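Please work through each task before reading its solution.

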Amino acid sequence: KGLRIAPTIPKDWEQFEIQKEFRSKKLHIIVNNPEHLETGFKKMIVNGKEYQENYILEEEDLLEVFRLVNNYLDPGGVFIFDMNTPYRFKNVYGNNAYILENEGSLCAWQNQYNEKSGLCHFYLSIFEENSDGTYTRSDEVQTEKCYSRKQIEGALLECGFEIIHVNGDFSENPANENNEKWCFTVRCKK
């Protein structure tokens, strides 16, 4: 009941544009692909607001996203999303380091979590094997914000949603403070 923009395109496409009508609104979508990616994005601009990541770091942005989702849902429409929990930020991410290895690639992952600000910085170094056996290294930093369940529920209610249920860890069990993920199912009340 909503619109998701997540293009998967051939690497050789530099750019494309589409015009789409969605719920009586005209959308003009431009996808620039200077790095020849097949999926993902470096930045996204929605109504003039630029997002570098798909993480929402400010409460005012969280409210804006929930308002936009509510605006585009039909009355009674359902919105389902998941989020990392405070438990995961403190006990899994924390200030820990990980090495993830796959055939032909390795990711060195260091976390820096500030409980006071709720921000967790992820420092990633990715090594991908080339056809000649050498490796190419790329580095990136991601930042994610830890929100409490109370903050999320308050923002949802403020933006006109009814909370149907919150489940924990992709199960049918009710969410609790020891879950690593919460999955919210909410309904548009308008």
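**Exercise 1: A sheet and its helix**

Within strand β11, Phe184 is the bridge partner of Val166. The model is a predicted one, in which local features need pLDDT of at least 70 and side-chain atom pairs count only at pLDDT 80 or more, while totals for chains, interfaces and linings use all residues. Residues are numbered from 1 along each chain as its sequence is written, and side-chain values use heavy atoms, with hydrogens and water left out.

Task: Determine how many bridges join β10 to β11, and describe the sheet to which these strands belong.

Solution. 
- Step 1. Strands (E, at least two residues) and helices (H or I, at least four residues) are DSSP runs, numbered from the N terminus. Two strands pair if DSSP finds at least two bridges between them.
- Step 2. Strand β11 (residues 181-188) runs antiparallel to β10, and seven bridges join the two.
- Step 3. The open sheet consists of three strands in the order β5-β11-β10, with antiparallel pairing. Its edge strands, β5 (78-84) and β10 (161-168), each pair on one side only. From one strand to the next, the twist averages 20 degrees.
- Step 4. Helix α3 packs on this sheet and touches β5, β10 and β11, where contact means heavy atoms within 4.5 Å. The direction of α3 makes about 155 degrees with that of β10; axes are lines fitted to C-alpha atoms, for helices over the stretch in contact, and angles run from 0 to 180 degrees between N-to-C directions.

**Exercise 2: Salt bridges**

Solution. 
- Step 1. A salt bridge is a side-chain nitrogen of Lys or Arg within 4 Å of a carboxyl oxygen of Asp or Glu. The structure holds seven.
- Step 2. One of them joins Glu115 to Lys90, with the closest N and O atoms 3.4 Å apart. This pair links distant parts of the chain, 25 residues apart: Glu115 is in the loop between β7 (105-114) and β8 (119-129), and Lys90 is in helix α2 (residues 86-93). Glu115 is exposed at 52% relative accessibility, and Lys90 is partly exposed at 43%.
- Step 3. Glu153 and Arg149 form another, at 2.8 Å. Both lie in helix α3 (residues 149-158), four residues apart, about one turn of the helix.

**Exercise 3: Asn111**

Task: Decide whether Asn111 is buried or exposed, and identify the backbone oxygen that lies 3.1 Å from a polar atom of its side chain.

Solution. 
- Step 1. Asn111 lies in strand β7. Its relative accessible area is 1%, so Asn111 is buried.
- Step 2. The backbone oxygen belongs to Tyr93.
- Step 3. Beyond four places away in sequence, Asn111 touches several residues, among them Tyr93, Gly94, Cys120 and Phe122.

Terms used. Buried means under 20% relative accessible area, exposed over 50%, partly exposed in between (1.4 Å probe, protein chains only). A polar contact is a pair of N or O atoms within 3.5 Å; within protein, one must be able to donate a hydrogen and the other to accept it, and residues adjacent in sequence count only if both atoms are side-chain atoms.
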